[in-house]
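Work through the exercises below with the sequence and the model open. Each task is followed by its solution.

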Amino acid sequence: MAETPKALEKIRQINAGFPYTDPIKAWKERGGKVVAWTCTYVPEEVIWAAGLLPVRMTGDSHELELEDANAYLYINTCSFQRACLQLTLDKKFDFLDGYVSAATCDGSRRLADVWRNYVKHIPLIHVLSVPRKTSERAHQLYLSEVKEMKQKIEEVFNVKITDAALHKAIKLYNHTRALLKELYEMRKKDKPPITGAESLEVINAAFRMPRDEYNQLLEELIKELKDSKREVTGKVRLLISGSPLNNPDFIATIESEGGLVVADELCMGTRYWWDPVDEKSSPDPLEAISRRYLSNFPCARMVPCDERFERILAMTKEYRVEGMVAEIIRYCVPYAHDEPMLREKLEHVGIPVLELDLEYGVSGSGQIRTRAQAFIEMILDKRA
């Protein structure tokens, strides 16, 4: 494989500073405000249109000791939420000026409550309610929630979010989605120019820097990949599905055993960028944004589950997937309950599934490596 693209090296330098990355520091030094969000159902465009920097709150890209967080969130709260709280209690997020959560699961909802009651160092803590359906009534309910979020941001930061600013934000974020789609198109090749682990590094950077700077970096990377002779080889084409995942080492472990991760169904992957905002759907930019976020590639929490399953099945054909790895964080109820039904549908069309029950941030443990190796060998044996 050819040398690492310079743009990817820049991305790694940015990610290495998590959570207070150099681009965020530069933003703060210019007097800018930073607002964190945790769930892909929180519309970033609204935060950006207010002149604020939206950053995604995650845990670190390795497993953390969670003793302090366990004192505030019960042990059967998923370790993703507890990792976010642990970093907050460790004052790693003290640079934040606001936090917007989405009530998409109990863990997410209660993280905001704990922050409001025990941390208390930021002026904005807001919870966005999100319907579980995409009916017209659900859209109107969600739109009212987004309007309330907009109003709260305006009040706390003494700003006015104009339609013109929202239109600009839509174009900026849609450009990101188009660029990430172009990057993922490259992964359809027999020998793609980028690994699955590297692709996750690229998306991690989207959550940790101003969007205009990120788009420029992404354009540089895509150009470098197109001009290079980089070729990633693997024995079996795989798709990753499941709970929040932002640890590239986890995917690198699977790829080191011969897997070629060409696609994913992750809120830190395709579900983050898949569908653009369609401004033709409404002359009101806030309504267009709301429709996109509620109707985007569905999370396992959404009902009915058919659309999500159909999209995953379509993705397996599009990317010529031979097997799926389902990584489920312990106590991640939406994905744990959906997994048996999804496995049945995939196995029906000849795609085997490896289910990994793990903690958030786990990397290449011996057990994961051994099970990935056996899974890949099983697929190779069937192919033969």
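Helices (H or I, at least four residues) and strands (E, at least two) are DSSP runs, numbered from the N terminus. The model is predicted: local features need pLDDT of at least 70, side-chain atom pairs count only at pLDDT 80 or more, and totals for chains, interfaces and linings use all residues. Residues are numbered from 1 along each chain as its sequence is written, and side-chain values use heavy atoms, with hydrogens and water left out.

**Exercise 1. Backbone exceptions**

Solution. Begin with the background: most residues other than glycine have a negative phi, and most peptide bonds are trans.

Task: Where does Lys-91 lie, and is Lys-91 buried or exposed?

Solution. 
- Step 1. Lys-91 sits in the loop between helix H5 (79-89) and strand S3 (98-103). Its phi is positive, about 65°, although Lys-91 is not a glycine.
- Step 2. Apply the accessibility classes: buried is under 20% relative accessible area, exposed over 50%, partly exposed in between (1.4 Å probe, protein chains only). Lys-91 has 60% relative accessibility, so it counts as exposed.

**Exercise 2. Aromatic pairs**

Task: Classify the ring pair Trp-48 and Tyr-173.

Solution. 
- Step 1. State the rule. Rings of Phe, Tyr and Trp (its six-membered ring) pair if their centres lie within 6.5 Å; planes under 30 degrees apart count as stacked, over 60 as edge-to-face and the rest as tilted. This rule gives 14 aromatic pairs.
- Step 2. The centres of Trp-48 and Tyr-173 are 6.4 Å apart and the planes are at 70°, so the pair is edge-to-face.
- Step 3. Trp-48 belongs to helix H3 (residues 44-49) and Tyr-173 to helix H8 (residues 163-186), so the pair ties together parts 125 residues apart in sequence.
- Step 4. Trp-48 is buried, at 17% relative accessibility. Tyr-173 is buried too, at 2%.

**Exercise 3. The nonpolar core**

Task: Which residues have the most contacts inside the largest nonpolar core?

Solution. 
- Step 1. Such a core is a set of buried Ala, Val, Leu, Ile, Met, Phe, Trp, Tyr and Cys residues joined through side-chain atoms within 4.5 Å.
- Step 2. The largest one has 138 residues, and Leu-96, Tyr-99, Ile-153, Val-202 and Phe-250 have the most contacts inside it. H8 gives the most to this core, with 11 residues.
- Step 3. Contact means heavy atoms within 4.5 Å. Leaving aside neighbours within four places in sequence, Leu-96 touches residues including Val-34, Met-57 and Trp-115.

**Exercise 4. Helix H16**

Task: What do the buried residues of H16 line, and which elements do they pack against?

Solution. 
- Step 1. List the buried residues of H16: Ile-368, Ala-372, Phe-375, Ile-376 and Ile-379.
- Step 2. Down the axis of H16 they fall within an arc of 95° (taken from the directions from the helix axis to the C-beta atoms), so they line one face of the helix.
- Step 3. On the other side of H16, Gln-367 and Asp-381 are exposed.
- Step 4. The buried residues of H16 pack against strand S5 (236-242), helix H11 (248-256), strand S6 (259-265), S7 and strand S8 (353-358).
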